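Dear colleague,

I am passing on a structure that you have not worked with before, and below it you will find an account of what turned up in it. Please read the text with the structure open beside you.

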Amino acid sequence: MADKRLSRHVLTDELYDLLKKKILSHDISAGNKINIDQLARDLGVSNIPIREALFRLASDGFVKVVPFKGMYVAEMNMTDIDEIFEIRYALEELSVRKAAPHIPKFRLEQILQELDAVEQMWEASHEENIISKMNHDLHGTILAYAGNENLKQMVTALIERVHRYLNLAHYKIDMSAEIAEHRRIVLALLEKDTEKAVEASRVHLHQAYQRLRDNFK
């Protein structure tokens, strides 16, 4: 029995990752009703782990559950953008304040080196996964050293929701601005100036928010 429970949990995790990738890449479009029976047939699994994965995605804001109607991929709109960033402003300031005293100097220096590499990779290919890596390097490091797993999960989910907008075909990423803003945060952290790092993070989020709104119009 224990082995069966373990297998089901593993399967649910795999389906969660698979379905999230489909939503982030727009293989399943925003607003679409999710046909659980069809997914079960296509993936060769029962409905139960798919439902479990979808309820997890609903808690992360990727899926909307409508009573008596079903499950839908969450809509993408200006209100969603506004709400995501309103929460990010508060949570990421908390993350920076908690993490700033603990991030090792060598890790911050690594991030600076990685930013130089990202700039070169972007100039060569303009692949969308490059910005995901850059965000993981900085935001992921801050969250890792903030020492609060619930905070990490919440902010990570919000950042992933932003990436759904960045993956829109018409979205134009201003990578030079993103890199410059990330550098300012890292340099402030290297200076052990928490207030300066918080302000640099706040400016970065505000600029990212404006770029996202301008691109979504």
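**An exposed phenylalanine, and the loops**

Phenylalanine 68 is exposed, with a relative accessible area of 92%. This residue is found in the loop between strand S1 (63-66) and strand S2 (70-73), and the phi angle of phenylalanine 68 is near 70 degrees, a positive value in a residue other than glycine. Please keep in mind here, and in everything that follows, that this is a predicted model.

Histidine 26 also has a phi near 70 degrees, again a positive value in a residue other than glycine. Histidine 26 lies in the loop between helix H1 (2-24) and helix H2 (36-43).

**The overall fold**

The protein contains nine helices and two strands, and along the sequence these elements follow the pattern α-α-α-β-β-α-α-α-α-α-α. The radius of gyration is 19 Å, close to the 17 Å that the globule rule gives for 217 residues, so the protein is as compact as a globular protein of that length. Taken along the principal axes, the C-alpha atoms fill a box of roughly 55 × 45 × 35 Å.

Of the 217 residues, 42% count as buried.

**The aromatic pairs**

How many aromatic pairs does a search of the whole structure find? The search finds three. One of them joins tyrosine 89 and tyrosine 209, which form an edge-to-face pair with 6.5 Å from centre to centre and 80 degrees between the planes. Because tyrosine 89 lies in helix H4 (residues 78-99) and tyrosine 209 in helix H9 (residues 194-216), this pair ties together parts that are 120 residues apart in sequence. Tyrosine 89 is partly exposed, with a relative accessible area of 25%, whereas tyrosine 209 is buried, with a relative accessible area of 16%.

The rings of tyrosine 165 and phenylalanine 216 have their centres 5.3 Å apart and their planes at 75 degrees, so this pair is edge-to-face. Tyrosine 165 lies in helix H7 (residues 149-166) and phenylalanine 216 in helix H9, and the pair therefore ties together parts that are 51 residues apart in sequence. Tyrosine 165 counts as buried at 1% relative accessibility, while phenylalanine 216, with a relative accessible area of 23%, is partly exposed.

Ring pairs also link Phe85, Tyr89 and Tyr209 into a cluster.

Arginine 161 has its place in helix H7 and, at 16% relative accessibility, counts as buried. Which residues is arginine 161 in contact with, leaving aside its neighbours within four places in sequence? They are Asp60, Gly61, Phe62, Asp80 and Ile84. Arginine 161 and isoleucine 28 are 133 residues apart in sequence, and their C-alpha atoms are 14 Å apart in space.

Histidine 139 has its place in helix H6 (residues 129-146). Is histidine 139 buried or exposed? Histidine 139 is buried, with a relative accessible area of 5%, which is under the 20% cut-off. Not counting residues up to four places away in sequence, histidine 139 touches Arg88, Glu92, Ile159, His182 and His204.

Glutamate 181 is placed in helix H8 (residues 175-190) and is buried, with a relative accessible area of 4%. Once residues up to four places away in sequence are set aside, glutamate 181 touches His204, Gln207 and Arg211.

With kind regards

Methods:
Residues are numbered from 1 along each chain as its sequence is written. This is a predicted model: local features need pLDDT of at least 70, side-chain atom pairs count only at pLDDT 80 or more; totals for chains, interfaces and linings use all residues. Side-chain values use heavy atoms; hydrogens and water are left out. Helices (H or I, at least four residues) and strands (E, at least two) are DSSP runs, numbered from the N terminus. The radius of gyration is taken over C-alpha atoms; the globule rule is 2.2 Å times the number of residues to the power 0.38. Buried means under 20% relative accessible area, exposed over 50%, partly exposed in between (1.4 Å probe, protein chains only). Rings of Phe, Tyr and Trp (its six-membered ring) pair if their centres lie within 6.5 Å; planes under 30 degrees apart count as stacked, over 60 as edge-to-face and the rest as tilted. Contact means heavy atoms within 4.5 Å.
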